[in-house]
Amino acid sequence: MTRTEYPWLLPSALASHEQPGRPGRPRRTVRDWVVDLTLFLCAAGVGMAVLAAIEADRTTPEGVLIADSLLGAAACCALWVRRRWPVTVAAVLTVLSVVEPVASGAMLIALFSLAVHRPFRPVAVVGAVALAAAPAQPLLRPDPATSFMASTIIGVLLVLLVLSWGMVVRSRRQLVVTLRERARRAEAEAALRAEQAQRLAREAIAREMHDVLAHRLTLLSVHAGALEFRPDAPPAEVARAAGVIRDSAHEALQDLREIIGVLRSPGDSDEGNRPQPTLVTLDALIDESRSAGMEVTLSHRVADPAGAPAATGRTVYRIAQEALTNARKHAPGAPVDVTVAGGPGEGLTIEVDNPAPAGPFEPVPGSGQGLIGLTERAVLAGGSLDHGPRPDGGFTVKARLPWPA
């Protein structure tokens with residue numbers, strides 16, 4: 001349910017809910033003015049018809065006829081304020097109609113408006129008074145053309161009819177307001193869920209990029225440390241290390257800009273045009289590590305790497321990337337063996353193994369949270385990850401991930 005484009009066609013009670021920011025008492029809409037004018041004319045027409053019947057009775061004094069005319073006009077004019085004071089107007093017109101048949105039409109309209117705008121208790125009280133006044137009016141001001149019993153029955157039926165009709169209209173309006181509020185709450189909750197989904201997506205993208213950024217910065221740290229502790233290295237090796245540092249710095253800066261851009265853009269809930277790693281791109285990661293000076297042996301036993309699920313392939317890539325980064329930091333110069341095996345229905349297994357470092361080295365600082373993040377990533381992917389030192393001082397990281405048939 002959406003907000004209507006024509007609130008002036010609604011009653012003021014519904015228009016105030018349609019535009020909840022408007023302070024004060026609801027103002028009449030165009031529809032209200034048309035309805036009020038129509039009801040005023042109807043009440044005036046009924047009053048004039050009754051006044052004509054009274055005037056036709058030759059026994060009616062002239063003063064009573066003038067009083068009926070003035071009180072009938074006042075009753076019709078009172079209908080213009082019935083929206084603001086429905087209980088007062090309905091009660092006064094009900095009492096007045098006992099002695100003034102000219103006010104009967106205005107009294108019925110006031111009862112209807114009371115039933116529309118007020119709850120059951122005041123409607124029941126004023127309605128009981130109106131039912132009691134139904135036999136009193138023909139008793140005090142009898143109609144020569146109608147019997148007392150007929151006048152009483154007609155009066156009771158008219159009162160019950162307008163009260164019932166008014167309560168039906170009120171219940172329908174309350175139902176519309178309730179449905180509209182539910183629709184607004186549903187829209188707000190949907191917007192909140194969409195915003196939360198965007199936030200979670202941005203956080204996931206930022207975590208993905210953080211892994212890549214950590215890999216680049218580790219390369220920077222390792223090669224900068226090599227240049228620092230080996231000032232007598234051959235010029236070719238120094239040039240190669242400087243080139244790796246330059247490339248890694250450039251790529252790290254680009255990754256950092258992408259992370260900041262993702263976190264700044266509320267509507268950027270997808271991964272954009274950035275290519276995501278898969279099992280196919282694992283060879284490129286190994287080549288990059290080899291170009292950085294690592295001795296890496298890859299055993300790829302997957303017959304169709306492109307057929308692996310995208311999420312599983314990306315998880316394998318991140319595990320290999322983090323394991324190679326840790327080996328570069330904590331066992332520089334040691335050879336690393338990477339084994340990937342599996343297939344549809346069997347699952348994927350990746351194992352990264354390195355021996356203890358050959359000699360002393362300058363440790364690279366780190367947070368120690370990489371393996372914890374890998375374990376969480378593997379569990380979220382439906383698999384498991386084991387890691388720990390070997391008896392000979394080396395280290396092994398092994399993960400098992402599902403690959404549905």
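The model is predicted: local features need pLDDT of at least 70, side-chain atom pairs count only at pLDDT 80 or more, and totals for chains, interfaces and linings use all residues. Residues are numbered from 1 along each chain as its sequence is written, and side-chain values use heavy atoms, with hydrogens and water left out.

Start with the inventory. The protein has 11 helices and five strands. Both are DSSP runs numbered from the N terminus: helices are H or I with at least four residues, strands are E with at least two. Of the 405 residues, 36% are buried. Buried means under 20% relative accessible area, exposed means over 50%, and partly exposed lies in between, using a 1.4 Å probe and protein chains only. Among contacts with a separation of 6 or more, 69% join residues 24 or more positions apart. Contact here means heavy atoms within 4.5 Å.

Now the helix pairs. Helix 4 (residues 86–99) packs on helix 6 (residues 120–140) at about 15 degrees, with the axes 7 Å apart. Axes are lines fitted to C-alpha atoms, for helices over the stretch in contact, and angles run from 0 to 180 degrees between N-to-C directions. The two helices are therefore roughly parallel to each other. That label covers angles under 35 degrees; over 145 is roughly antiparallel, 65 to 115 roughly perpendicular, and the rest oblique. The crossing of helix 4 and helix 6 is left-handed: the near helix is turned anticlockwise from the far one by less than a right angle, whereas clockwise would be right-handed. Helix 4 contributes residues including V87, A90, A91 and T94, and helix 6 contributes residues including P122, V126, V129 and A130. The contact divides into 12 nonpolar, three polar and no charged residues. Nonpolar covers Ala, Val, Leu, Ile, Met, Phe, Trp, Tyr, Cys and Pro; charged covers Asp, Glu, Lys and Arg; the others, Gly among them, are polar.

Helix 2 (residues 30–56) and helix 5 (residues 104–117) form another pair. Their axes come within 7 Å and cross at roughly 145 degrees. L39, A43 and V46 of helix 2 meet G105, A106 and I109 of helix 5. This contact has five nonpolar, one polar and no charged residues.

Next comes the sheet. Strands of a sheet pair through backbone hydrogen bonds, either parallel or antiparallel. Here five strands form an open sheet in the order 1-2-3-5-4, with mixed pairing. Two strands pair if DSSP finds at least two bridges between them. Strand 1 and strand 4 (384–389) are the edges, each pairing on one side only. Neighbouring strands are turned by 5 degrees against each other on average, direction ignored.

Strand 5 (residues 395–401) pairs antiparallel with strand 4 over six bridges. S384 has R400 as its bridge partner there. These two strands form a hairpin with five residues between them, and G393 in the turn has a positive phi of about 100 degrees. Strand 5 also pairs antiparallel with strand 3, over seven bridges. D353 stands opposite T396 in strand 5.

Two helices lie across the sheet strands. Helix 9 (residues 282–291) lies across strand 1 and strand 2 (336–343), at about 170 degrees to strand 1. Helix 10 lies across strands 1, 2, 3 (347–354), 4 and 5, at about 5 degrees to strand 3.

Finish at A306, in the loop between strand 1 (296–301) and helix 10 (310–330). A306 is exposed, with a relative accessible area of 61%. A306 and L279 are 27 residues apart in sequence and 6.9 Å apart in space, C-alpha to C-alpha.
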